[in-house]
Every structure is written in structure tokens, then in C-alpha cells.
Amino acid sequence: MEKTARAGLERVTRPRLYEQLVEQILAYIESAQLKPGDLLPAERDLAERLGVSRATLAQALVALEVLGVIDVQHGTGAVLARRPSVASVVKGLREHQSRLPEIVEARSTLEVKLAALAAERRTDQDLTAIDNALDVMAKEIGDGHRGTHGDELFHQAITAAAHSSVLGQLMAFIAEMILETRMESLGQPGRPEQSLASHRKIADAVRAHDSDGAANAMLAHIELVSDVELLR
């Protein structure tokens, strides 16, 4: 159950809003003696206590979700997964922010080529997997979720359709880092719907055996999902 203690929350001021906001949420967790499995206050209430917008708070919660501190469940709210130290979370945030450009660079190199190869080599079975992934993501979004599972399935299906074992191994190697960016990107307002639309453009090009079109659509998609507004 959500514990209603109001201690540990102070209005957040700049600079370093991003880190301060996360620190204040962690301070609340500590002062309220929340345990793994307990609910955090509703976003509206938490944002009001901290003196920030719900959109700003939502980004901080996504960051905590990326780091495995909370689990955001549709219809339930933010559930505490573990109670780390403030120092370890701030360190994790800084490391995550510093590696984002390199993750984007790796995705641009690998996934654009994979999309082009998928357009050249895809089979009917590959198309079925791609279409199934689109359906899963659309249903997730329709149900009020971010579409993270469908997003993951789509990129896996494109990778498989390329029929390149070496590129597939490289994608598996960076999969965990991509997951971080996926969660953060799909937490941006309106992003799940935008991401699904760009997936459909990639799928259409792959279906048409248009390798250049698939590569361009994938590049545009990566540029879209890499546009993550980090709090400062």
C-alpha cells in the first residue's frame, strides 16, 4: 500500500534539476520507509509536493525505472523495486547520460544496415514476425502502455530478417544498453505513437524490398527515438 508520510520532500530548485529531483524522490522513499513492493504517491500528488510539472516528474521516474529502482505499472503506478543509495543512483544517472551518444552511434551503424539487408533478404515468415510485432506494440499503446515489448519485438524481427549472424550477435551484445534508451525514449509524451508510426514506415519498405527506403526509414526512426529531453 502507498504510505502517506510527507517527510523528505522539498521543493526542487535549479541547477541540476534532474539529479535533485531524483534525490528528493529517494529521500521520500527513505523517510517514508517504503519497502520493495510499496507504491509511491500518485504522480499528480508527488509533482505537487516537489513543485515540478507532471511531465518533468515523469522523466525522473523513467530514469529511476531505467536504473531498476522502480517499476511503473499501468493502472497501478510506480512500485518500489529496490532501495539503493542516493550516491549509487546519481552515479548511475551520470553514466547513463554519458553513454547515450555512443549507444545512438552504435544503433545508427548497425540497425540502418540491418534494415537494408532485411529489405533484400526477408522471407514471408520474417514479414509475419514483423507484422506481429507491430500488432503487439499497437495493442500495448491502445491499452495505455508505452509499447516497450512490441518495440523490442520489432527490432528483433528486423534483425532476424537481415539473416546476418555476425550483425545479429553485435545487436545482442548491445541489447541491454538499447533497453535503457528504449525505456527512456518511450517515456517521452507522444513518443510511443510516433515510434509505432516510424516502425510502420520501416516495415513497408522491407515489405517492398526497398533497401534504400528501409535504411532511410530506420535512420529517421533512430534520430526520432534518440531525441530524449534530459532534465538539467
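Me: Is Glu111 buried or exposed?

Reply: The model is a predicted one. A residue counts as buried when its relative accessible area is under 20%. Glu111 has a relative accessible area of 3%, and it is therefore buried. Its place is in helix α4, which covers residues 86–121.

Me: With which side chain does the side chain of Glu111 make a polar contact?

Reply: The partner is the side chain of His155, at 2.7 Å. When residues up to four places away in sequence are not counted, Glu111 touches His155, Met171, Ile178, Met218 and Ile222.

Me: How is the helix that holds His155 to be read, and which of its residues are buried?

Reply: His155 is among the buried residues of α6, together with Gly150, Asp151, Phe154, Ala157, Ile158, Thr159, Ala161 and Ala162. Helix α6 runs over residues 148–162 and has 15 residues. From the first C-alpha to the last, α6 reaches 22 Å, close to the 21 Å expected at 1.5 Å a residue. After α6 comes His163, with a positive phi near 50°.

Me: Against which helices do the buried residues of α6 pack?

Reply: They pack against α4, α5 (124–142), α7 (165–173), α8 (175–185), α9 (191–207) and α10 (211–225).

Me: What describes two packed helices?

Reply: In general, one gives the angle between their axes and the distance between the axes. For α4 and α6, the axes come within 7 Å and cross at roughly 60°. The helix α4 is therefore oblique to α6. Their crossing is left-handed.

Me: Which residues of α4 and α6 meet?

Reply: From α4 come Arg107, Glu111, Leu114, Ala115, Leu117, Ala118 and Arg121; from α6 come His155, Ile158, Thr159, Ala161 and Ala162.

Me: At roughly what angle do the axes of α3 and α8 cross?

Reply: The axes of α3 (residues 54–66) and α8 cross at roughly 160° and come within 9 Å. Angles over 145 degrees count as roughly antiparallel, and α3 is therefore roughly antiparallel to α8. The contact is made by Val62, Glu65 and Val66 of α3 with Glu180, Met183 and Glu184 of α8.

Me: What is the handedness of the crossing of α3 and α8?

Reply: The crossing of α3 and α8 is right-handed, whereas that of α4 and α6 is left-handed.

Definitions and conventions:
Residues are numbered from 1 along each chain as its sequence is written. This is a predicted model: local features need pLDDT of at least 70, side-chain atom pairs count only at pLDDT 80 or more; totals for chains, interfaces and linings use all residues. Side-chain values use heavy atoms; hydrogens and water are left out. Helices (H or I, at least four residues) and strands (E, at least two) are DSSP runs, numbered from the N terminus. Buried means under 20% relative accessible area, exposed over 50%, partly exposed in between (1.4 Å probe, protein chains only). A polar contact is a pair of N or O atoms within 3.5 Å; within protein, one must be able to donate a hydrogen and the other to accept it, and residues adjacent in sequence count only if both atoms are side-chain atoms. Contact means heavy atoms within 4.5 Å. The expected span of a helix is 1.5 Å times one less than its number of residues. Axes are lines fitted to C-alpha atoms, for helices over the stretch in contact, and angles run from 0 to 180 degrees between N-to-C directions. Angles under 35 degrees count as roughly parallel, over 145 as roughly antiparallel, 65 to 115 as roughly perpendicular and the rest as oblique. A crossing is left-handed if the near helix is turned anticlockwise from the far one by less than a right angle, and right-handed if clockwise.
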